[in-house]
Amino acid sequence: MNIAIAGKEAETINYVKYVEDLGVRPLVTLQAEEIARCDGLILPGGGDITPAFFGESNHGSGNIDTGLDILQLQALDLCIAKQIPVLGICKGLQIINVGLGGSIIQDLPTAQRHKYMGGDQYHRCVVSQDSWLYDLYGDSMIVNSAHHQGIDRLGRGLRAVQRCPDDNCIEAIAHDRLPLLGVQWHPERIDQKRAMISGEKVLAYFASLISFSRNGCCG
């Protein structure tokens, strides 16, 4: 099994270790031909998405890399066309949403609940019972987040499967038909002692989805 990580090597060290710890081979790349040969794709965290990609001017977005956005959106399109499973983490979740026609709240009025200047912010979330995340963690969990933006309008075919009860911010998504998953938090670096959960479960589930897809069971 090969999992591509659509990002830059210097910015994806945690994601590489996350995949390697599962005993799976990661490939950090932004090349379409390399992604097409992989069995799954991780869209990692990072800066904010260029607002023009969801039809808005900039009113709160920062740390923008438009070239990277284009390549990640193209990677998502490729995977959708080839039915390659995709896991989006933080910005990666937002790339999935924007790629499917959704929009982003550029600066959450409750951003302090989701981003802490000295590191990750830990907070409680509730999980939909009819979801992949419920099967892993149950109906409530503590997550670690570092974002000041969030999903506004959901993209085509997407549904929210986890929310922060304090402000209703969407913290995880799934697609109704395609093998697309996303979390707004960071399973690749979550502190198990603080959260009382393991982020490895997310990747293990994603790997099982890849195996399912490779056997011709998705679509």
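**Notebook: salt bridges**

I started at Glu188, which is buried, with a relative accessible area of 11%. The cut-off for buried is under 20%, so Glu188 qualifies. I note that this model is predicted.

Next I looked up the partner. Glu188 pairs with Arg189 through a salt bridge, 3.8 Å from N to O. The cut-off for a salt bridge is within 4 Å, so this pair counts. Arg189 is partly exposed, at 33% relative accessibility. I then followed shared partners. Salt bridges link Asp120, Glu188 and Arg189 into one network.

I checked the total for the structure. I find seven salt bridges. I looked up two others.

Entry on Asp69. Which residue forms a salt bridge with Asp69? I find Lys91, with the closest N and O atoms 2.7 Å apart. Are Asp69 and Lys91 buried or exposed? Both Asp69 and Lys91 are buried.

Entry on Lys17. I find the Lys17 side chain in a salt bridge with that of Asp21, at 2.8 Å from N to O. Why are Lys17 and Asp21 separated by about one helical turn? They are four residues apart in helix 1 (residues 13-21), which means about one helical turn between them.

Technical notes
Residues numbered from 1 in each chain as written. Predicted model: local features only at pLDDT ≥ 70, side-chain atom pairs only at ≥ 80, totals over all residues. Heavy atoms only, no water. Helix = DSSP H or I, 4+ residues; strand = E, 2+ residues; numbered from the N terminus. Buried < 20%, exposed > 50% of the residue type's maximum accessible area, 1.4 Å probe, protein only.
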